[in-house]
Amino acid sequence: MGLSLRTLGSFVAVCCALLACGGDAPTAPRFEPPELGSLPTRVSERRCLVGVESGAPPPPRLSETGCFTSVVPLVATDELVPFAVVSPLFSDETHKSRWLAIPPGQRADWYDDGTLDVPVGSVLAKRFASEDGALELRFSVRAETGFVFFTYRFEGDDARLLEGQETTDFALPDGREAHYVFPARETCRTCHGEVGVLGPSVAQLTMPVRYDGVLRPQLDALTALGLVAPRPDAVGMPSPLDTEAPLEARARAYLHANCGHCHRPGGFAPVGLTLDLRWSTPTEATQTVCVPTQFAATAGEGMRIDPAYPDASVIVRRMRALGGDFPGPMPPVGRSVVDEHAAQLVREWAASLDASLCP
Ligand code: HEC
Ligand code: HEC
């Protein structure tokens with residue numbers, strides 16, 4: 001038959017996933033085009049965080065930023081255009097909303113690699129919420145030289161500008177306890193340092209969304225608004241949750257959003273580390289499949305992606321690790337619980353590869 005044990009194993013695993021054999025297997029979330037509310041028309045005057053790009057300090061309270069007409073419930077002004085990314089960063093299962101404000105009369109352009117190049121004075125915002133309610137609202141503002149990053153923690157009927165790191169605990173729907181970290185201002189650069197804007201890119205924005213309940217291609221809607229330059233050749237990446245898309249592409253889309261900001265040339269990873277997890281890098285050049293870890297003393301022994309022993313793949317092990325484990329968790333910051341669906345996805349990708357390719 002030529003069916004290896006491994007293929008048989010993953011075949012059984014897929015059947016189990018489909019039939020939910022074992023009874024209590026959690027059903028994996030599916031991709032649904034997000035509902036983004038209404039698409040505003042562009043405003044003629046800038047009100048949101050004016051002057052922060054030229055050194056003005058961000059106000060101490062969110063209600064004073066000029067970006068939201070109400071904090072509880074949170075209502076953005078028309079200056080802020082809602083958007084979504086097809087492959088989000090996992091942050092302890094928090095729900096996220098994102099907005100983009102480009103100064104009136106201007107529009108964002110694209111770098112060659114498809115990342116968004118926003119003009120000075122642009123504001124990007126992202127809200128995090130747990131099942132219990134809003135946690136924080138993060139901003140990045142495009143300044144003359146680089147970006148300014150800061151975050152507000154929701155408290156009572158407003159939100160307070162944070163300087164240092166703070167934490168809070170909450171229960172996830174499955175009963176696990178998250179030890180959530182509000183990052184200190186200077187640590188935003190760990191992930192955002194190299195590129196600034198991390199989410200909005202051609203690959204991440206080319207996806208169906210709903211504005212006022214109506215399904216639309218997101219990038220077309222943002223282009224029609226004059227917010228971003230046209231990109232006729234746009235090709236998106238799949239949602240990691242889209243079970244119709246190829247396994248490898250789904251795994252690569254997850255690794256891009258959750259790892260690619262550090263694991264890229266110039267990212268926050270050891271100098272000389274050969275791992276490159278950006279979507280734009282061809283799989284052969286990512287240095288994952290059949291490639292042993294480079295710094296085994298800290299990273300753990302084994303292949304980064306091991307087709308013969310998928311669960312032993314160092315990438316899978318570290319996606320399943322928590323603080324205190326060896327090797328330590330990846331990403332090393334930004335989560336306190338495991339994204340098991342994602343670890344399973346990457347594991348399945350590893351298992352689908354031909355082990356005889358490895359030396
Ligand atoms: C663990 C890495 C990490 C850290 C630390 C981090 N971010 Fe991000 N951030 C991301 C990634 C990845 C995205 C894009 C994916 C998404 O939105 O789900 C993002 C998106 C954003 C966005 C939306 C615009 C964009 O660039 O995509 C804002 C605003 C933002 N972050 C602000 C902050 C601020 C402020 C801090 C510090 C208080 C911070 N971030 C810390 C990884 C990080
Ligand atoms: C905030 C930056 C950051 C993010 C995000 C991040 N990493 Fe890392 N990664 C590092 C650093 C720093 C090291 C080196 C130290 C270590 O191995 O713990 C590393 C090391 C590794 C190694 C070992 C490399 C070797 O061969 O020695 C692997 C594998 C890895 N990361 C996978 C991932 C995966 C998978 C993700 C996403 C799920 C991820 N990383 C996200 C910073 C990051």
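**View 1. The confidence of the predicted model.** The chain averages a pLDDT (the predictor's confidence in each residue, from 0 to 100) of 92, and 93% of the residues score at least 70. Over residues 1–25 the pLDDT stays under 50. Local features need pLDDT of at least 70 and side-chain atom pairs count only at pLDDT 80 or more, whereas totals for chains, interfaces and linings use all residues. Residues are numbered from 1 along each chain as its sequence is written, chains are lettered from A and ligands numbered from 1 in the order in which they are written, and side-chain values use heavy atoms, with hydrogens and water left out.

**View 2. F147 in strand β9.** F147 lies in β9, residues 147–155, strands being DSSP runs of E with at least two residues, numbered from the N terminus. With a relative accessible area of 12%, F147 is buried (under 20% relative accessible area, 1.4 Å probe, protein chains only). Beyond its neighbours within four places in sequence, F147 is in contact (heavy atoms within 4.5 Å) with residues including V118, L124, R189 and V197.

View 3. Strand β8, residues 133–142, runs antiparallel to β9 and is joined to β9 by 7 bridges (two strands pair if DSSP finds at least two bridges between them); R138 has T151 as its bridge partner in β9. Strand β10, residues 158–161, is also antiparallel to β9, with 4 bridges, and F154 has A159 as its bridge partner in β10. Because 8 of its 9 residues are buried, β9 is largely enclosed by the rest of the structure.

Terms used: Buried means under 20% relative accessible area, exposed over 50%, partly exposed in between (1.4 Å probe, protein chains only).
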